[in-house]
Amino acid sequence: MRRAFPAQALVIVWLGSLAPADAGLFLALRRQRRLVIWVLLHNPIIPPSGPGGRVSCRLTCPRPAPKGAWTAGAWPLSLGLVMATMSAASSGQDVARQLMDDGYVVVAGMMTPEGVQNARADLDRVLRTTRTGRNSFEGFDTQRIYALFAKTRVFDALATGPLLLGVLDQVLGHYQLSAPVGICIGPGEKAQVLHRDDAIYPVPEPHQPLVVNTMWPLDEFTAENGATRFIPGSHQWEPGRQPAPDDPVETAVMSPGSALFYLGSLWHGGGANQTLRPRLGVILEYAAGWLRPQENHCLAVPRDIARELPERLQELLGYNIYPPFVGYVDGRHPRRVLSADPSG
Ligand SMILES: O=C(O)CCC(=O)C(=O)O
């Protein structure tokens, strides 16, 4: 009979003295009594072009370890793994390249501390009248701020920021906002099922990038409070492959001010919140311009609000055509609807 590996015998290896920035630690237990430690001294995914800061990312345990079958995916501890973080001074091309290669990238310095504080305060106002979810995907203990651009102005400039649009230009070409949503994961919330954002579109795989999502944390994102989880490399999986229990799930541990960019084909989901405080983040999700967006912004954002928005944001909210004329209104460009009749 094989004996289970005793939890007390785990050795915690401190790597700080080796290479604090570039060192990562990955532990996996293969079979029951063998501990395998890989020390990644120079993380190859950090681009040499000089990222501005680094955000750690953790391998986490998405489900309880099955008795007698230890795998990396069932590992009961969170262990540090350095994740590539780029600077907001990077070019759209460089960020897009990283995004296409890895399926995700964290960019630091996307919001000022003051911007974060304002956004937090204004979304707190909206959350006071926001209900919790109606199913396990939305999260029964999670509040979702839909129709975001009808309710707050704090994301107007961010949704049209030059770096973000530069990345979208590269990856999607012609695009629109699809799902802008504030997501406040409450204490006790369970982990959301892993999913792909582009799976809602019945387009046979493999296909061109259809969706790019960005997650903007307004609280510290930690493994404990429900930071977004994802499976690295899953954007390149063969058609039809589903997550398995031993697929490593990483956690986007990051600070407010950063943004996580991820492809719609990356398997991901919100984490469980095991703390006593909520975790607030905002997703600004974009889709190719020829697709139907998840939210119908032209109905969700009242016309007298839409009329006052910057033109590029109006376009991203649906007052635009996909050339040559997908999305016309009465044979004309939809922006005419906003300018034609102020009482409309
Ligand atoms: O809240 C998160 O971290 C991710 C949520 C998500 O992926 C979703 O609701 O589609």
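Predicted model: local features only at pLDDT ≥ 70, side-chain atom pairs only at ≥ 80, totals over all residues.
Student: Is Ala147 buried, exposed or partly exposed?

Tutor: Count the C-beta neighbours inside 10 Å, and you get 17 for Ala147. A buried residue needs 20 or more, and an exposed one has 12 or fewer. Because 17 falls in between, Ala147 counts as partly exposed.

Student: And Asp330, is that one buried or exposed?

Tutor: Asp330 sits in the loop between helix 8 and helix 9, and its phi is near 50°, a positive value in a residue other than glycine. Asp330 has 8 other C-beta atoms within 10 Å. The cut-off for exposed is 12 or fewer, so Asp330 is exposed.

Student: How are helix 1 and helix 5 oriented to each other?

Tutor: Helix 1 (residues 92-102) and helix 5 (residues 162-171) pack at an angle of about 55°, with axes 8 Å apart. Roughly parallel would need an angle under 35 degrees, and roughly perpendicular runs from 65 to 115. Helix 1 and helix 5 are therefore oblique.

Student: Which residues of helix 1 make the contact with helix 5?

Tutor: On the helix 5 side, the partners include Leu163, Gly166 and Val167. By class, the whole contact has seven nonpolar, four polar and one charged residues. From helix 1 come Gly92, Gln93, Val95, Ala96, Leu99 and Met100.

How values were computed. Residues numbered from 1 in each chain as written. Axes fitted to C-alpha atoms, helices over the stretch in contact; angles between N-to-C directions. Helix = DSSP H or I, 4+ residues; strand = E, 2+ residues; numbered from the N terminus. Parallel < 35°, antiparallel > 145°, perpendicular 65-115°, else oblique. Contact = placed C-beta atoms within 7 Å. Nonpolar A, V, L, I, M, F, W, Y, C, P; charged D, E, K, R; others polar.
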